[in-house]
Amino acid sequence: MFKLFTTGFWEVVARVILRNKIAILIAIILATIFFSYQWKYMRFTYTEANLLPDDHEVNVTYNEFLDIFGEEGNLIVLGVKDSTLFSVEKLNAWNQLSEDFKVYDEVETVVSIKDLQKLVKNNDAQKFELEPFIKDSIHSLAQIDTLQNELFKQYPFYDNFLFNKTTKTIRTAIYLKKDIVNTPARKDFIIETLQDKISTFESENDLDVRVSGMPYIRTLNSQNIVDEIGLFIGAALLVTSLIFFFFFRSFRATFISLIVVCIGVMWTFGILGLLKYEITVLTALIPPLIIVIGIPNCIFLINKYQHEVKKHGNKVKSLQRVITKIGNATLMTNVTTASGFATFILTESTLLKEFGIVASLSILAIFILCLLVIPIIYTFLPYPKERHLEHLNKRWIGTFVDWMERMVREHKIAIYATSVVLLTASIIGIYQIKISGSLIEDMPKEKEFFHDIRFFESEFNGIMPLEIMVDTQRKKGVMKLSTLKRMNELEELIIETPELSRPISVVSLVKYSKQAYYNGNPKYYQLPTSQENSFILSYAKNSSSNVDLLNNFVDSTGQYARITTFMKDIGTDKMERIEEDLQNKINKVFPEERYKVTMTGKALVFQKGTKYLVKNLAISLSLAIILISLFMAYMFRSFRMIIVSLIPNILPLLVTAGLMGYLGVPIKPSTILVFSIAFGISVDDTIHFLAKYRQELQANHWKIRKSVYAALRETGVSMFYTSIVLFFGFSVFTISSFGGTVALGALVSATLLFAMLSNLLLLPSLLLSLERSIANKEVLRKPAINIIPEEDDEIENSSE
């Protein structure tokens with residue numbers, strides 16, 4: 001009954017499509033216009049990806065910190081390491097450059113060498129006053145010598161903040177207004193203003209200015225993502241169309257396929273705009289993915305059309321059979337592919353959910369477009385010429401199919417032995433895989449801003465903020481000497497950790513106050529005693545300027561303090577060790593009943609997010625396997641067939657995971673996608689093969705061997721075609737400047753190649769070896785879904 005329903009359903013679909021050509025084309029054009037109209041709602045991401053759910057403990061802690069101290073990622077730093085900077089002309093030009101940035105609306109404040117102030121004791125007024133190191137501008141080399149002596153030797157408060165006293169590297173800090181940090185205004189300021197002014201300064205003063213800081217890195221990284229979308233789409237179209245033309249030798253067929261996938265890409269961008277999702281490093285991959293996945297659909301449909309035309313010469317009947325016979329198969333394969341992506345929807349990560357939703361909807365959309373557009377366009381075109389059908393008789397394809405059949409017929413033991421060796425080697429490799437939670441690891445290594453990150457790591461121990469928030473649980477608890485001493489003890493551990501920069505906090509300010517109290521003597525740069533504290537605090541209370549300095553380190557109630565340090569780009573294992581050391585120190589120094597101390601910051605949030613995604617990898621992949629297993633169980637009504645069909649698809653995933661271990665490719669947000677994507681696509685080959693195998697069993701009166709070889713010869717060519725397209729299509733991603741995208745492209749390509757060989761060699765071998773267990777009429781005679789309809793012999797005979 002169901003078989004009759006599905007067969008009848010596709011016959012109805014074919015009639016509707018072919019009888020309503022103009023109406024369907026108009027509907028597609030209107031839909032494309034509608035989706036194009038949604039493009040204006042597309043937004044490019046202005047923050048790094050938050051991989052954790054909004055209600056995750058790490059996110060909650062980070063948001064609490066932002067509520068108290070505001071956006072932490074608003075600092076841009078400019079740096080120069082050049083001895084010629086310490087000349088009158090160049091140092092004045094450097095200070096003027098910093099002054100120029102102060103007039104812009106996007107800038108909250110700028111701190112440069114010229115802005116640095118000495119804290120000086122005024123005995124008469126019993127308060128501290130601020131005096132600038134540079135009162136107006138530099139007039140002589142003697143002034144520069146005095147400035148260097150004071151900064152590098154007498155005032156440790158500023159060390160590692162605006163200068164490195166060892167290497168004489170100087171930097172300027174530009175703090176953007178917190179309300180524009182995550183908006184398009186940030187991009188406009190950095191791309192159009194900041195970069196232009198720095199470029200002009202470099203050419204006029206012959207100095208190399210390094211620029212970094214989270215807003216700057218985010219902006220240039222986002223711009224790279226935008227730039228690469230066009231590159232990927234162009235490369236994917238070029239590669240897939242060249243392969244398509246190589247197989248079909250038809251400009252007409254190639255052009256039709258390009259029209260279909262281009263409309264699919266337009267719809268994908270429209271879906272992104274309609275759902276108002278941001279374009280991230282993941283969603284940017286979907287348009288070229290749609291091209292790579294859409295072209296195999298075109299191959300199946302056009303190949304079937306040309307086969308039918310060659311067989312009986314009736315164009316209308318050929319197009320009808322394309323829809324009735326290939327429609328169901330392509331629907332099933334596209335659904336399984338979409339299912340592989342859709343499993344990401346079930347994760348708690350917003351980033352992955354959005355990727356899964358857009359990818360799965362786009363895959364279903366490209367299927368609908370292929371099924372509608374290709375048959376309709378061919379109704380308006382003349383019959384294919386003889387040269388367009390020559391590819392159907394290619395000898396080299398026959399040689400490849402003969403080799404596969406010979407391997408399955410004569411070398412099953414070798415196939416099994418190779419599979420076991422690969423499985424064993426892969427399991428060993430899997431144990432060597434590492435997890436990476438680095439914010440900058442995937443960034444383009446050849447870009448100037450990446451080299452600048454390394455520069456600031458070398459000179460100032462990093463640019464990625466790690467924040468420690470101390471809650472004293474009482475107002476004005478921060479300025480109590482006992483709290484300051486505890487914070488100082490924690491800071492000593494941070495100073496001893498080579499991967500972290502010198503911390504900045506209220507402790508440094510209090511030490512600076514004591515130094516000022518003793519007339520600037522650097523040996524008194526330390527926390528005051530209990531007796532000294534009362535005198536120094538009385539001076540501090542009379543100093544309105546000192547209150548301004550406190551604002552960045554202590555909240556308005558005096559209950560919360562922050563310790564800010566910056567972290568180098570380090571591996572997840574090192575980061576976890578540092579976090580553990582700091583937590584142990586916190587537990588030891590700060591009594592739990594009196595203090596609540598939390599660690600947060602972008603670097604920590606990203607690292608925790610990566611670990612969270614690794615857990616979700618297992619969940620999403622397991623869901624994909626279960627979902628597709630249920631789907632195949634429903635189709636074939638056989639538990640044994642599920643096991644047989646899963647083995648050739650899971651083995652390539654294990655091989656790829658093993659390769660990652662051996663090649664040192666870590667598990668990270670980009671490479672996590674490999675397994676679900678590859679599994680969803682590779683299982684399509686299995687469905688095609690098993691469906692054809694079941695059909696051959698019926699045609700050959702349940703003769704197992706004859707049916708396996710017939711299915712292999714029939715499906716081998718199309719599986720080879722589509723696998724080659726997918727292999728080279730995903731290889732397009734290796735031209736990316738993002739390390740993660742390169743890894744994704746290479747790994748998916750390798751997995752799909754393994755999957756093709758596995759489905760063409762291991763799957764038939766298993767069917768032959770287990771023929772008595774799995775192949776009987778009861779198991780395979782009546783599938784729930786008839787993927788490939790039986791040939792209508794009467795129609796075929798009458799048409800020939």
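Is Tyr-104 buried, partly exposed or exposed, and what is its relative accessible area? Tyr-104 is partly exposed, with a value of 26%; the term covers the range between buried, under 20% relative accessible area, and exposed, over 50%, computed with a 1.4 Å probe on protein chains only. The model is predicted, so local features need pLDDT of at least 70 and side-chain atom pairs count only at pLDDT 80 or more, while totals for chains, interfaces and linings use all residues. Residues are numbered from 1 along each chain as its sequence is written, and side-chain values use heavy atoms, with hydrogens and water left out.

**Aromatic pairs**
- Rings of Phe, Tyr and Trp (its six-membered ring) pair if their centres lie within 6.5 Å; planes under 30 degrees apart count as stacked, over 60 as edge-to-face and the rest as tilted.
- This rule gives 20 aromatic pairs.
- One of them joins Phe-101 and Tyr-104 in a tilted arrangement, 6.4 Å centre to centre with 45° between the planes.
- Phe-101 also pairs edge-to-face with Phe-189, at 6.4 Å centre to centre and 70° between the planes.
- This second pair links distant parts of the chain, 88 residues apart: Phe-101 belongs to helix α4 (residues 88–101) and Phe-189 to helix α6 (residues 184–205). Helices here are DSSP runs (H or I, at least four residues), numbered from the N terminus.
- Phe-34, Phe-35 and Trp-267 form one aromatic cluster.

**Burial**
- Phe-101 is buried, at 0% relative accessible area.
- Phe-189 is buried as well, at 1%.

**Charges over rings**
- A charge sits over a ring if NZ of Lys or CZ of Arg is within 6 Å of the ring centre and within 35 degrees of the ring normal.
- Lys-21 lies over the face of Phe-380, 4.9 Å from the ring centre.
- The charged end of Arg-171 is placed over the ring of Phe-460, 3.9 Å from its centre.

Technical notes
Helix = DSSP H or I, 4+ residues; strand = E, 2+ residues; numbered from the N terminus.
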